[in-house]
Each structure stands twice: as C-alpha cells, then as structure tokens.
Amino acid sequence: MATEAMKLLLDGGNPLVGRLMTYDSMSMKFQEFKVNRDHDCLICGTAPQLTQLLPDYETYADTGQLSIP
Ligand SMILES: [Zn+2]
C-alpha cells in the first residue's frame, strides 16, 4: 500500500487502479485480479456523494452511519 501511495503521489509507475494484487510469502507467488468498478460507490461511482474527507470520522467509525451533508 505504501508503494501504491508513493506512485500516486509521484504520478509515476503503473498504479493498481482496477486491479487487486495478492502476495503469498510462503510460496513467493503474486497473483493479480481485475476489479470491476462499482457504479454505486459513494466515492468513485457514477454519482459520487463523498467528495471530501469525513468531518466526523470517529462518529462514522463508531456507528457505521454515514450522513452526507
Ligand atoms: Zn469506489
């Protein structure tokens, strides 16, 4: 995840957008899967409703309730 953050911050490399990579350290094998976009996602869906940081993340984390201003 840190490597992905660095790639996005530096606008370089080939970030794992639309892909999921797994790593099995016991067998030293990597696998990559295509991940389809969720069009209903509140953040990256076709009608995003979360466009800024949550103002009260602790309430959200405690209750699981999300109120969108
Ligand atoms: Zn999303």
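Let me start with confidence: in this protein it is lowest in helix H2, residues 57-63, with a mean of 72, and highest in strand E2, residues 29-34, at 96. The quantity in question is pLDDT, the predictor's confidence in each residue on a scale from 0 to 100, and helices (H or I, at least four residues) and strands (E, at least two) are DSSP runs, numbered from the N terminus. What you see is a predicted model, so to speak of local features we need pLDDT of at least 70, while side-chain atom pairs count only at pLDDT 80 or more, and totals for chains, interfaces and linings use all residues. Residues are numbered from 1 along each chain as its sequence is written. Averaged over the protein, pLDDT is 85, and 90% of the residues score at least 70. As a caution, where pLDDT is low, the predicted coordinates should not be read in detail.

Now the layout. The protein has two helices and two strands, and from the N terminus on the order of these elements is α-β-β-α.

The two strands, E1 and E2, run antiparallel and are joined by six bridges, where pairing requires that DSSP finds at least two bridges between the strands. One of the residues involved is Tyr23, whose bridge partner in E2 is Phe30. The hairpin of E1 and E2 has four residues between the strands, and there Met28 takes a positive phi near 55°, although Met28 is not a glycine.

How buried or exposed is Met28? It counts as exposed, with 7 C-beta neighbours inside 10 Å; the cut-offs are 20 or more other C-beta atoms within 10 Å for buried, 12 or fewer for exposed, and partly exposed in between, with C-beta atoms placed from the backbone.

Asp11 sits in the loop between helix H1 (2-10) and strand E1 (19-24), and Asp11 is exposed, with 7 other C-beta atoms within 10 Å.

That brings me to the protein as a whole. Strand E1 is hardly covered, since the count of buried residues among its six residues is zero, and across the 69 residues of the protein buried residues make up 0%. Turning to contacts, which require C-beta atoms, placed from the backbone, to lie within 7 Å, we find that among contacts with a separation of 6 or more, residues 24 or more positions apart account for 0%.

Conventions:
Contact = placed C-beta atoms within 7 Å.
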